[in-house]
Every structure is written in structure tokens, then in C-alpha cells.
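Hi everyone, thanks for coming.

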Amino acid sequence: MIALLVWTSLIWAFFGGAINRISAYYIAKQDILAVSSALKFAWKHKFSLFLTPFFLALLIAFFGGCNFFAVWVAHQLPVAGPIIFILGFFLELLSTFFIILLGIVLVFGFNLISSTISTEGAEGIEGVISSLQYIYSRPWSYVTYHVLLIISVVFLVWIGGIFLDVTFSTSLVSSDSKITSYQFDQ
């Protein structure tokens, strides 16, 4: 499963970066960029395109580990632990804020990271900051696009279920040759 996740992320990052570069070039200059140039751009920025989401996950794990370590130290020292915990509580709040902020970027901005890197030519964390800016500057557009995407996917899955049901109901593989229902789960 991990190998599949890495392979999918690699393909998503590389070809997504190339496709986004072609689109950005066309929008900015009203000119068509060659596929070979887009692939060269994606190859040049391969580490930024591929490793940025993993870097975000690593940062989330780091800040979570810092919070866990602070609580562990507070429990290990019976007298000084609560005092250390109170003094470091602001750092834990700040760390938790970063965990939430980076989690929002990772979950909701994952698809924008390669677009930002390809459009602006940004590297790594610059692309993450710009992705955050895109999400927060026009949140209703972002929400609307994703709601329409979810509706489209649900519709396509429903239509695909009807297609499969009709195909198996009318084929020679089916035990009866009449169409009985349009349910996906039969």
C-alpha cells in the first residue's frame, strides 16, 4: 500500500506539474507550450513537486511529537513537570496551531501544491504558502469547485453502476435476460 501511495504521488506530482505548466503558460502568454518543455520543467522541479506534501506530513509529525514529548516530560518529573508544562504551554498552543494549519494545507490544498509550483515556479514551502493564499483569498470559489467535483463523481459512479447493471442484465453471462433494476449494489 505504501508503494502504491508513493507511486501514485510520483505520477500525480510529475505529470500534474507538467499539465499545470502547460495550462499556466497558455493563460499567461496566450501561447502553447510544447509537451517536452513542460516535462523538462516538471523534471527540473521534481523534488519540489514530489516531496512537498511529504514534507508537510513530516512537519505535522514533528510538531505532534514535540507536543507528545512535552507532555511526557511533564509526567516524568513529578515536582518540576507541571511547572515546565505551564511554562511551555504557549509553545504547545503554537505547535497545535501549526499542526492544524499544515493539516488544512495538506488535506485541502494538496491538489493546489503542484499547480502553484508549476504556475509560479516556486520551490517547496513557497508553493505551500501560495496554496494557502489561494484557499483563503477565495474560499467560496474553492468550496464551490469541490462541491461540484463531488457531485460529478457521485453522478459518474451512479451512471457507471447503471451501465454495469444493464450490461450484466442483458448479457449472456446473466441468468435472466431481462432488466430488473438500476441498482449499483446487486
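Predicted model: local features only at pLDDT ≥ 70, side-chain atom pairs only at ≥ 80, totals over all residues.

Residues are numbered from 1 along each chain as its sequence is written, and side-chain values use heavy atoms, with hydrogens and water left out.

How many cavities of 30 Å³ or more does the structure hold? One. By cavity I mean a set of points, on a 1 Å grid over the protein atoms alone, where a 1.4 Å probe fits but cannot get out. This largest cavity contains about 70 Å³ of space, a volume being the space filled by probe spheres set on the points, which are joined across faces, edges and corners. Its lining residues, those with an atom within 4 Å of a point, are Ser9, Trp12, Ala13, Leu49, Phe50, Pro53, Phe110, Ile113 and Ser114. Two or more of them come from each of α1 (2-29), α3 (46-76) and α6 (110-120); helices are DSSP runs of H or I, at least four residues, numbered from the N terminus.

Now the open side. A pocket is an open set with protein on both sides within 12 Å along at least five of seven lines, and the largest pocket has about 220 Å³. At least two lining residues each are supplied by α6, α7 (125-137) and α8 (139-170), and α8 gives the largest share, four residues. Among the residues lining this pocket are Asn111, Tyr134, Arg138 and His146.
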